[in-house]
Amino acid sequence: MAEDLEGEKKDLDAADEIASFEGEEVEEVFLHARDLMNIFVKTIKAFRLYPPENPSLVGFRDLLFRKFQFFLKRYHTFSFKIEEYDFSFNNRVLYENKELKTSLAFFLYKDGLRELRFMEGLEEWEIQGFLDIVKRGDQINKMEEDLVTMIWERDFVHIRYQATDEFLDEVPVIIPENIDQFRKHLTFEPLGHQVYDDYVVNEAGEEVNYYETMAKSSSSSSLSVNRNVYLLTPEELEGLRKEVETEASPISLFNIIDILFEIMALEKKPEPYRDSINVLSKLLDALLTLGEFQRATDLLSRLYIILKTYDLQGWQAKAIQQLAESAGDEQRIEKIGKVLERREGVRLEEVGGYLKLLPSNSLQPLMKVLGELSNPKARRTVCDAVCQIGKDQIDRILPFMEDRRWYLVRNVVYILGRIGKEAAIPSIQKALSHREMRVRREGVHSLGFIGGSKAFNLLVKALQDPDMRVRCGAALNLGKVGRKNSLVYLGELIQSKDFHRKEPAEKKALFDAVGIAGSNEALPMLQKLLMKRTWFRRRRAEDSREGAAGALALIGTREAKSVLELGQKSKNATIRRICQRALRRQASVPQKF
Amino acid sequence: MTQDTRGRTQWDGRADGKTSGGQDHVPEMMGTEFILRFYRLLKGASLYDRNNATIERLTQEALQAINPFVQSQDHLFLKIVRDNFFFNNIRIPVKADRYSIFKIFSQEMARRMIGELEFIEEVNSPALKDFVFLLSKLDEGNESNYLYVNRQLESRGIHGITVGKLEFLRDEDFLIDSEKQKQYSKQIYFKTVNLVREVSEGIRTQKLINVRKAKHLMQSAVNSIMQDESALLGLTNIKNYDDYTFNHCVNVAIYAIALGQRIGFPKKQLSHLGMAGLFHDIGKVSIPKEVLNKTDKLSPQEWAMIRAHPVVGAEMVIRLKEWGELSARLIDASFEHHLKYDLTGYPKLARKRNITLFGKIIAVADFYDALVRPRIYRQYPYVSEKILGLMLDRAGRDFDPALVKVFINMIGIYPLGTLALLSTNEIGIVVQTQEDPEMIDRPKICLLQYSDGEYRKGGAVDLREMDEGMRSFKRSIVRTLDPNEYNIHVAEFLI
């Protein structure tokens with residue numbers, strides 16, 4: 001595929017820039033070098049031109065790598081000189097472009113590069129690293145960065161360079177050539193008294209002069225006598241290794257969050273205070289982009305602690321408040337959405353911990369993210385956070401009930417249920433007539449969480465839902481919400497003539513609902529169903545006995561247990577078996593009184 | 001011109017053959033062992049003849065590292081790319097305690113222009129001795145050495161050993177020429193002093209700071225220190241060229257880079273350490289000169305001003321327009337360089353936290369350089385070994401104990417610039433410390449001769465030199481002296 005890339009894209013065409021050897025007899029090495037240079041130029045152009053996600057880039061990189069491998073295997077190194085407008089290999093120009101804007105030679109030259117050398121053993125990461133640098137080269141701040149610095153910092157093993165530092169000599173600096181010249185510049189002014197380094201606090205809390213301490217100290221002599229005093233132990237070596245590893249990792253940069261908070265604790269002037277807040281804001285962005293939610297949580301928590309516990313001036317409190325509020329901004333929440341969608345390496349409990357700290361202005365952006373997330377576990381995390389943030393703000397959540405995406409509506413219903421406010425019931429009532437069964441089923445569960453008479457009545461109605469799964473949910477939640485009041489409706493269904501026509505799952509749900517209602521008032525009905533003797537339709541009767549015994553076990557009172565114990569003594573083997581099983585089940589849960 | 005040819009960072013994961021559990025990979029261990037034993041043998045070959053019992057013992061030890069490895073892996077191949085060691089293509093990370101030996105070994109090989117050693121079959125004791133004595137007697141800086149060794153080995157019927165040339169870019173030759181290295185280091189030093197001046201004035205006059213320039217200078221400093229730290233470390237004896245404050249910042253940067261290198265920081269972080277050293281005192285720019293230069297006791301308000309400089313410095317960096325990794329490092333260094341290891345010092349912290357390694361390194365470098373500066377009243381001796389002793393005493397309270405130890409190993413118990421009285425009653429200045437830890441108390445000394453009312457440069461002597469009977473050293477240090485007492489400005493002998 002990569003080979004097809006050659007010449008395919010006009011923007012990358014380097015034909016006019018690459019040397020032509022037509023009609024000439026040239027050594028083979030020049031032909032190979034020209035071929036490599038051609039791909040080198042095209043690949044760099046592609047990396048500078050295309051967005052990073054463009055799939056062609058991988059093809060270009062791989063092709064370039066293969067070309068390098070071929071060349072380096074044969075000739076060991078590929079090095080070329082960089083002039084203002086051209087690249088030359090063994091004193092022969094292989095590339096030339098005098099257009100400053102498009103010339104690759106000038107692009108490298110202007111940053112000081114004068115020669116590049118690629119050596120045998122070149123690895124893929126080095127080619128990728130080099131191309132990344134070239135790509136970044138267009139966006140850097142020239143006062144801070146250049147290609148030479150970036151190449152130097154990457155510390156490639158098989159890519160070397162020569163560069164000029166001419167700009168360092170813009171202002172002439174006198175370098176003393178001999179002692180006399182050196183002496184001319186020596187200053188012998190008395191040192192200031194700010195020799196604060198000279199003081200150390202001793203155990204008594206007094207300041208002691210270091211020089212006096214030193215004069216009295218005998219330990220200096222031990223340096224030459226006892227080398228053990230400065231030999232590193234294996235533990236110290238390992239400790240240093242770990243510290244270097246940690247400190248060299250990009251994440252360690254976030255250590256400055258602590259320093260910024262310290263500055264905020266010390267600073268009384270608005271400008272530096274706000275500067276610190278601004279940097280914290282940038283760091284929060286970076287933390288969210290990298291998915292560092294634990295640190296982001298810490299940052300936000302500390303803001304709240306400062307707001308609650310510090311004696312702040314008005315402008316300080318306002319600045320912190322603004323930063324905390326900005327955590328809920330749409331852009332930031334979108335970032336979180338992207339990280340959550342990535343799935344890999346995201347610890348949802350950490351994300352949840354962070355989201356729960358967000359201010360209420362985050363509710364709408366969070367709901368938007370919820371509508372777009374495809375990862376179910378991540379959706380659950382966001383829902384739980386919205387439950388927490390929105391417990392007093394359901395008005396901000398309700399508009400999403402109208403969303404055309406059923407799954408978002410289901411999430412809204414879930415959230416409203418967990419928040420548990422009766423004010424949400426009209427919206428949930430609407431959900432009970434939603435075309436999507438999963439929304440209705442969520443609706444009955446939410447009613448179970450909210451409870452109260454309104455929820456009770458809606459659950460009674462939901463017992464007639466066309467979908468059995470919704471009816472099961474309705475029954476169970478009715479038992480939970482209505483307690484003994486639900487028995488009328490549940491009992492009616494259980495004892496109805498059509499009961500035997502219901503699916504086993506629904507029958508079980510209805511009996512379980514009676515059990516969940518937990519009232520002894522159900523005992524006569526359940527005892528009757530359990531003990532009922534029948535010569536016909538044994539299977540149907542057995543289903544009812546199983547259900548009744550299960551319900552008795554769930555009720556769990558002493559009286560309910562007595563009924564099961566009675567059944568255990570029955571002459572009917574089936575009743576005995578069913579009751580024994582139910583009692584075993586009951587024994588595993590604490591008895592109710 | 002500057003150039004870069006260094007290998008990848010130490011301890012940077014699997015690419016270096018490091019296992020995730022932090023345990024040394026077998027080739028790394030074997031590689032380390034091979035280098036240690038081979039270096040000892042090479043060093044022995046320069047001191048003893050081939051029939052000496054010590055040579056026999058060292059040869060046997062080296063063979064124990066070579067033959068079992070060749071037997072199991074078919075060959076043993078050591079490649080040196082600058083001071084990176086690749087053992088059968090796996091990079092060997094250098095730990096702080098072995099840093100010196102690895103460094104001196106790479107220098108020894110570089111002097112001989114040898115960059116590769118390969119054993120393709122097991123070797124016996126005479127063959128290894130032949131090889132090592134051939135190596136030890138090679139001319140310095142001769143690019144054809146590898147051809148000579150290979151031809152010699154072939155003519156002696158030794159087919160299991162080959163060597164390869166040291167690879168370097170054309171302009172790198174100055175790096176193996178100590179005089180050029182010294183000149184190069186001098187340029188870096190004085191250009192950097194000038195840069196610190198420019199930056200300080202730029203901040204005062206609210207001009208844009210040319211960070212790129214500072215970065216390039218620190219990259220050059222890192223290159224120089226990685227090649228041979230002694231040239232730049234020697235220049236830290238300069239304390240009052242133009243302005244103490246600027247000298248101090250450059251010195252702290254040099255100490256910090258050298259210390260960072262010893263503990264294995266990658267290049268990028270080393271240059272950031274240098275920048276952190278250069279600008280750790282940037283907060284002092286806001287302190288009026290009258291306060292900074294006041295020789296009387298400071299008032300409480302003036303003290304408060306002084307003690308605020310770490311925070312003010314951090315705030316100045318925060319205000320930089322561009323914001324990235326480097327800014328974070330500069331903030332760490334500025335804010336933390338007066339915090340002590342036990343979190344006392346200043347600024348007072350609102351919450352306990354770990355001081356960053358950057359902060360701890362800058363604190364050690366800052367303290368040492370501040371204390372070794374010449375005192376105006378000279379009440380107390382200016383002897384760096386006393387300061388090192390004090391730092392050891394205060395390790396665990398004021399400083400990270402491990403860092404203090406690395407620092408002492410780095411600058412030696414007789415640091416560059418130390419004025420010493422020798423057993424021969426001569427006096428001299430330490431001009432080169434020994435990388436070999438066993439010889440840490442035997443530096444190279446520039447003897448001083450007194451004439452026309454002042455001390456002048458005499459000849460250089462190596463305190464490792466033995467007397468003719470090889471029973472004892474020719475010279476040893478009896479004690480160190482305070483240069484102020486002798487009116488000697490040691491920097492003059494090191495520039």
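Here are some numbered notes on this predicted model, a complex with chains A and B.

1. Start with the overall scores. For the complex as a whole, the predictor reports an ipTM of 0.78 and a pTM of 0.80. Chain A has an average pLDDT of 88, with 89% of its residues scoring at least 70. Chain B has a mean pLDDT of 83, and 89% of its residues reach 70 or more.

2. Helix H10 (residues 267-278) of chain B has the highest mean pLDDT among the elements of the chain, at 95, while strand S1 (residues 2-4) of chain B has the lowest, at 37. Two stretches deserve a careful eye. Over residues 1-24 of chain B the pLDDT stays under 50, and the model has 68 contacts for them beyond four places in sequence. Over residues 170-176 of chain B the pLDDT also stays under 50, with 13 such contacts.

3. Next, the domains. In chain A, the assignment gives domain 1 (2-169) and domain 2 (262-365). The C-alpha centres of domain 1 and domain 2 of chain A lie 43 Å apart. In chain B, the assignment gives domain 1 (14-172), domain 2 (177-411) and domain 3 (419-493).

4. Stay with chain B for a moment. How far apart are the C-alpha centres of domain 2 of chain B and domain 3 of chain B? They lie 29 Å apart. The contact takes 11 residues from domain 2 of chain B and 10 residues from domain 3 of chain B. On the domain 2 side of chain B, the residues touching domain 3 of chain B are five nonpolar, four polar and two charged.

5. Back in chain A, find helix H22 (residues 452-462) and helix H23 (residues 468-482). Their axes are 8 Å apart and the packing angle is about 150°. Since angles over 145 degrees count as roughly antiparallel, H22(A) and H23(A) are therefore roughly antiparallel to each other. The crossing of H22(A) past H23(A) is left-handed. On the H22(A) side, the contact is made by Ala455(A), Phe456(A), Leu459(A), Val460(A) and Ala462(A). From H23(A), the contact residues include Val470(A), Ala474(A) and Leu478(A). By class, this contact of H22(A) with H23(A) has nine nonpolar, two polar and no charged residues.

6. H23(A) has another packing partner to look at. H21(A) and H23(A) pack at an angle of about 5°, with their axes 8 Å apart. Angles under 35 degrees count as roughly parallel, so H21(A) and H23(A) are roughly parallel to each other. Among the H21(A) residues in this contact are Met437(A), Arg440(A), Arg441(A) and Val444(A). They meet an H23(A) side that includes Arg469(A), Val470(A), Ala474(A) and Lys480(A). By class, the contact of H21(A) with H23(A) has six nonpolar, four polar and four charged residues.

7. Chain B has a helix pair worth a look as well. Are helix H13 (residues 309-318) of chain B and H14(B) roughly parallel or roughly antiparallel? Their packing angle is about 170°, with the axes 7 Å apart. H13(B) and H14(B) are therefore roughly antiparallel to each other. Pro310(B), Val311(B), Gly313(B), Ala314(B), Val317(B) and Ile318(B) make the contact from H13(B). From H14(B), Ser327(B), Leu330(B), Ile331(B), Ser334(B) and Phe335(B) take part. By class, the contact of H13(B) with H14(B) has eight nonpolar, three polar and no charged residues.

8. Finally, two bits of backbone to zoom in on. The peptide bond from Tyr346(B) to Pro347(B) is cis, with omega near 0°. Pro347(B) sits in the loop between helix H14 (325-336) and helix H15 (357-372) of chain B. Over in chain A, His76(A) has a positive phi of about 75°, although it is not a glycine. You'll find His76(A) in the loop between helix H2 (56-75) and strand S1 (77-82) of chain A.

Note on methods:
Residues are numbered from 1 along each chain as its sequence is written. Chains are lettered from A and ligands numbered from 1 in the order in which they are written. This is a predicted model: local features need pLDDT of at least 70, side-chain atom pairs count only at pLDDT 80 or more; totals for chains, interfaces and linings use all residues. Domain bounds come from an automatic or database domain assignment. Two residues are in contact if their C-beta atoms, placed from the backbone, lie within 7 Å. Ala, Val, Leu, Ile, Met, Phe, Trp, Tyr, Cys and Pro count as nonpolar, Asp, Glu, Lys and Arg as charged, and the others, Gly among them, as polar. pLDDT is the predictor's confidence in each residue, from 0 to 100. Axes are lines fitted to C-alpha atoms, for helices over the stretch in contact, and angles run from 0 to 180 degrees between N-to-C directions. Helices (H or I, at least four residues) and strands (E, at least two) are DSSP runs, numbered from the N terminus. Angles under 35 degrees count as roughly parallel, over 145 as roughly antiparallel, 65 to 115 as roughly perpendicular and the rest as oblique. A crossing is left-handed if the near helix is turned anticlockwise from the far one by less than a right angle, and right-handed if clockwise.
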